[in-house]
Amino acid sequence: MFDNMHHQWLLLAACFWVILMFMVASKFITLTFKDPDAYSAKQEFLFLTAVPDAGRLPGETHFPEELKPTGKMLVEPLVYAQRLELMRNVCREDALRNLSHTAVSKFVLDRIFVCDKHKILFCQTPKVGNTQWKKVLIVLNGAFPSIEEIPENVVHDHEKNGLPRLSSFSEAEIQKRLKTYFKFFIVRDPFERLISAFKDKFVHNPRFEPWYRHEIAPGIIRKYRRNRTETRGIQFEDFVRYLGDPNHRWLDLQFGDHIIHWVTYVELCAPCEITYSVVGHHETLADDAPYILREAGIDHLVAYPTIPLGITAYNRTKVEQYFLGISKRDIRRLYARFEGDFKLFGYQKPEFLLN
């Protein structure tokens with residue numbers, strides 16, 4: 001009997017030790033994991049937003065209805081089919097045609113990266129954690145043996161990263177790949193993506209790209225700042241006015257390919273013209289990434305880096321804070337431009353536009 005009690009106490013002590021170590025590790029990850037847009041590639045620290053529970057404050061975290069976590073290991077496969085069906089239905093809506101359709105131009109083909117070895121096409125949608133997907137393809141193409149060995153400065157250097165763009169092929173080769181390859185891209189809430197682009201390019205600028213602050217920002221300020229005596233650098237309000245202006249294209253032409261960080265998913269990937277195999281969502285990336293790897297038949301070759309719980313969750317409070325003080329007129333004009341993205345991918349119209 002004494003031996004049994006001794007073993008039970010040892011078992012309880014071991015369980016307590018494991019739980020304690022897990023709590024310490026979780027705390028460490030929460031405090032040190034960096035910006036979710038690049039998953040450790042940047043220097044901005046932030047607090048993780050946990051999956052919502054009954055005790056949280058209203059509005060802290062929000063998922064569009066069809067994107068809510070299932071509570072299981074993976075999102076139900078039916079969800080991925082539903083996303084594609086929703087996209088096809090919106091593509092057929094005549095009222096949204098100007099917001100959902102675009103030509104498969106060189107601009108679009110430049111966004112699509114090719115892995116011929118495994119017959120994969122990936123359309124880049126900046127500010128949606130694309131850095132890690134590029135790393136996955138770089139490894140698959142054989143440029144580096146593992147994700148961990150890829151230098152950060154090589155990932156976006158298209159002379160060195162071994163990632164050909166679809167635009168580099170002949171017309172016949174392009175069409176063959178579009179018809180037969182596995183094709184995917186990732187989206188996130190459109191307004192939260194714009195906030196991420198603004199922070200990354202005009203506030204933090206971690207990769208030292210001075211043209212955003214010294215060339216693009218002054219151009220936006222000159223055209224869209226209402227208070228001409230205001231001397232501060234570019235504000236989010238200026239950015240919103242620029243993006244919501246129906247005549248924004250004349251500035252876009254001046255800015256060149258730098259606009260990829262804030263143009264619509266439609267303009268980047270032509271989802272109504274190209275038949276994609278999977279559309280992943282940033283909010284459920286922990287489920288979607290393994291699913292994409294399996295569907296592409298490469299899950300035995302490479303793994304997507306671990307994503308801490310909640311790091312990709314939609315942060316409604318942050319979005320509302322950024323839009324606080326911006327006129328409803330300017331926000332409505334912004335939504336009018338991005339309405340196609342909201343509807344194609346099942347994102348809800350922000351509540352602050354419903355009042």
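First, a term: a salt bridge here is a side-chain nitrogen of Lys or Arg within 4 Å of a carboxyl oxygen of Asp or Glu. What we have is a predicted model, where local features need pLDDT of at least 70, side-chain atom pairs count only at pLDDT 80 or more, and totals for chains, interfaces and linings use all residues. Residues are numbered from 1 along each chain as its sequence is written, and side-chain values use heavy atoms, with hydrogens and water left out.

Two more conventions. Helices (H or I, at least four residues) and strands (E, at least two) are DSSP runs, numbered from the N terminus. Buried means under 20% relative accessible area, exposed over 50%, and partly exposed in between, with a 1.4 Å probe and protein chains only.

Salt bridges, then. Side chains of opposite charge can pair when their charged atoms come close. How many salt bridges does a search of the whole structure find? The count is 25.

Take Arg-316 and Glu-351. They form a salt bridge, with the closest N and O atoms 3.1 Å apart. Arg-316 lies in helix α14 and Glu-351 in the segment after α15, so this pair ties together parts 35 residues apart in sequence. Arg-316 counts as partly exposed because its relative accessibility is 23%. Glu-351, at 43%, also counts as partly exposed.

Now a network. Salt bridges that share partners join Arg-225, Arg-226, Glu-237, Asp-238, Arg-241, Arg-329 and Asp-330.

Next pair: Lys-127 and Asp-200. Their side chains meet in a salt bridge at 2.8 Å, N to O. For Lys-127 the relative accessibility is 8%. Look at the backbone there too: phi of Lys-127 is near 75°, a positive value in a residue other than glycine. Lys-119 also has a positive phi, about 55°, and is not a glycine. Lys-119 sits in the loop between β1 (112–115) and β2.

One more pair. Glu-267 forms a salt bridge with Arg-249, the closest N and O atoms being 3.4 Å apart. Glu-267 is in helix α12 (residues 265–269) and Arg-249 in helix α11 (residues 249–255), so the pair ties together parts 18 residues apart in sequence. Glu-267 counts as buried because its relative accessibility is 14%.

Where is Arg-225? In the loop between α9 (211–224) and α10 (236–244). Arg-225 counts as buried, because its relative accessibility is 6%. A polar atom of its side chain lies 2.9 Å from the backbone oxygen of Gly-233. Contact means heavy atoms within 4.5 Å. Not counting residues up to four places away in sequence, Arg-225 touches several residues, including Glu-230, Thr-231, Asp-238 and Arg-241.

Compare Arg-222, in helix α9. Arg-222 counts as exposed because its relative accessibility is 59%.

On to helix α15, residues 328–344. It has 17 residues and reaches 23 Å from its first C-alpha to its last, close to the 24 Å expected at 1.5 Å a residue. That expected span is 1.5 Å times one less than the number of residues. There is a kink of about 60° in α15, centred on Phe-338. The bend at a residue is the angle between axes fitted to the seven residues ending there and the seven starting there. Buried residues of α15 include Asp-330, Leu-334, Phe-338 and Phe-342. After α15 comes Gly-346, with a positive phi near 75°.

Last, the core. A nonpolar core is a set of buried Ala, Val, Leu, Ile, Met, Phe, Trp, Tyr and Cys residues joined through side-chain atoms within 4.5 Å. The largest one has 97 residues, and among those with the most contacts inside it are Trp-133, Phe-202 and Trp-262. Leaving aside neighbours within four places in sequence, Trp-262 is in contact with residues including Phe-202, Tyr-242 and Phe-338. Phe-338 is where the α15 kink is centred.

Terms used: Polar contact = N/O pair within 3.5 Å; in protein donor to acceptor, adjacent residues only side chain to side chain.
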